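Visitor: Please show me how to read a model like this one, feature by feature.

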Amino acid sequence: MSNQPPANYAMQQTWHDLLFMHWPVPPAMLNAILPPPLTVDTWQGEAWVAVVPFGMRGIRFRGLPALPLTSTFLELNVRTYVTVGDKPGVWFYSLDASNRGAVEVARVWYNLPYFNAGMVMSKHAGTIRYAMHRTDRRANPAVFAGTYAPTSDVFRSEPGSLEEFLTERYYLYSVDRHGKLYRGRIYHEPWPLQTAEADMHINSVAASHGIHLPQTAPLLHFAQEISVYAQAIVPVYGRTISI
């Protein structure tokens, strides 16, 4: 699969200071709260849930300059991995963001469950301090606070590895209010991963969706920066699904 963006990409953005926190969970727990025909994608029999805090900047539509009020903000998402047909991708339970305009645009244009949140991020001596408090009443309350930092040199995931399974995903799926399933294609270079350490003070974002994370420490990966191009979403199968 080529990762070079096509000439007709819809949006460009840069993600920075990103932390992947992954926990293995029973597939049945996630399949019970996924809309059909989505099914959870597994690695050696285990499903995975991720909590991903990061910053976004340089957000712009193709052919237009970055918009001053929506081009830079913070985001934290809760996601798992799914497959429809032969196209594995990402399913988002929530995407909390610090920009109200961006939240409403993404909800309408991409049918993604974006929510408003108060968020702060600071960086000192290579350590990221991150905090989020969901303020949007369209979702259950959720908070997150912690610190994280990279602990290794940059590496790329090996083909067939768990890191590749968890991070090299080039489709996202969403559902509109009528239950129609959509798929969007994204393009970027392979993730410049680093191993990481983190100290989570509080993390209730997965629990706000009824997802119970195990008590084991998460698998952690850091990425300093990556440029992303996204195409517009398109209907899958051209029919509606029940939700």
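**Reading the model, one feature at a time**

Guide: Let's begin with neighbours: leaving out residues up to four places away in sequence, Arg 183 touches Val 84, Lys 87, Tyr 171, Leu 172, Tyr 173, Ala 232, Ile 233, Val 234 and Val 236. Touching, or contact, means heavy atoms within 4.5 Å. This is a predicted model, in which local features need pLDDT of at least 70 and side-chain atom pairs count only at pLDDT 80 or more, while totals for chains, interfaces and linings use all residues. Residues are numbered from 1 along each chain as its sequence is written, and side-chain values use heavy atoms, with hydrogens and water left out.

Visitor: What is the mean pLDDT of the chain?

Guide: pLDDT is the predictor's confidence in each residue, from 0 to 100. Here the chain's mean is 91, and 93% of its residues reach 70 or more. Over residues 239–243, however, the value is below 50, although this stretch has 19 contacts in the model beyond near neighbours in sequence. Where pLDDT is low, the predicted coordinates should not be read in detail.

Visitor: Which side chain makes a polar contact with Arg 183?

Guide: A polar contact is a pair of N or O atoms within 3.5 Å; within protein, one must be able to donate a hydrogen and the other to accept it, and residues adjacent in sequence count only if both atoms are side-chain atoms. The side chain of Arg 183 has such a contact with that of Tyr 173, at 3.1 Å.

Visitor: How many salt bridges does the structure hold?

Guide: Seven. In one of them, Arg 169 pairs with Asp 41, with the closest N and O atoms 3.1 Å apart. Arg 169 sits in the loop between α3 (162–167) and β9 (171–175) and Asp 41 in the loop between β2 and β3 (47–61), so this pair ties together parts 128 residues apart in sequence. Both Arg 169 and Asp 41 are buried.

Visitor: Which residues are linked in a network of salt bridges?

Guide: Glu 104, Asp 136 and Arg 138. Glu 104 meets Arg 138 at 2.8 Å, N to O. That pair links distant parts of the chain, with Glu 104 in helix α2 and Arg 138 in the loop between β7 (127–134) and β8 (143–150), 34 residues apart. Asp 136 also bridges to Arg 138, with 2.7 Å between the closest N and O atoms. Asp 136 counts as buried because its relative accessibility is 8%, whereas Arg 138, at 40%, is partly exposed.

Visitor: Which residues touch the most other members of the largest nonpolar core?

Guide: A nonpolar core is a set of buried Ala, Val, Leu, Ile, Met, Phe, Trp, Tyr and Cys residues joined through side-chain atoms within 4.5 Å. The largest one has 37 residues, and those touching the most other members are Leu 30, Val 51, Leu 76, Trp 91, Phe 144, Tyr 173 and Val 205. Strand β4 (residues 73–84) gives the largest share of this core, five residues. Apart from it lies another core, of 36 residues, including Phe 20 and Tyr 182.

Visitor: Why does Ser 94 count as buried?

Guide: Because its relative accessibility is 0%. Ser 94 lies in strand β5 (residues 87–97), and its side chain makes a 2.8 Å polar contact with that of His 209.

Visitor: Where is the peptide bond that is cis?

Guide: Most residues other than glycine have a negative phi, and most peptide bonds are trans. The bond from Pro 36 to Pro 37 is cis, with omega near 10°. Pro 37 is found in the loop between α1 (27–31) and β2 (39–40). As for phi, Asp 17 has a positive value of about 50° although it is not a glycine, and its place is in strand β1 (residues 11–25). Asn 111 also has a positive phi, near 55°, and lies in the loop between α2 (100–109) and β6 (114–124).

Key. Buried means under 20% relative accessible area, exposed over 50%, partly exposed in between (1.4 Å probe, protein chains only). Helices (H or I, at least four residues) and strands (E, at least two) are DSSP runs, numbered from the N terminus. A salt bridge is a side-chain nitrogen of Lys or Arg within 4 Å of a carboxyl oxygen of Asp or Glu.
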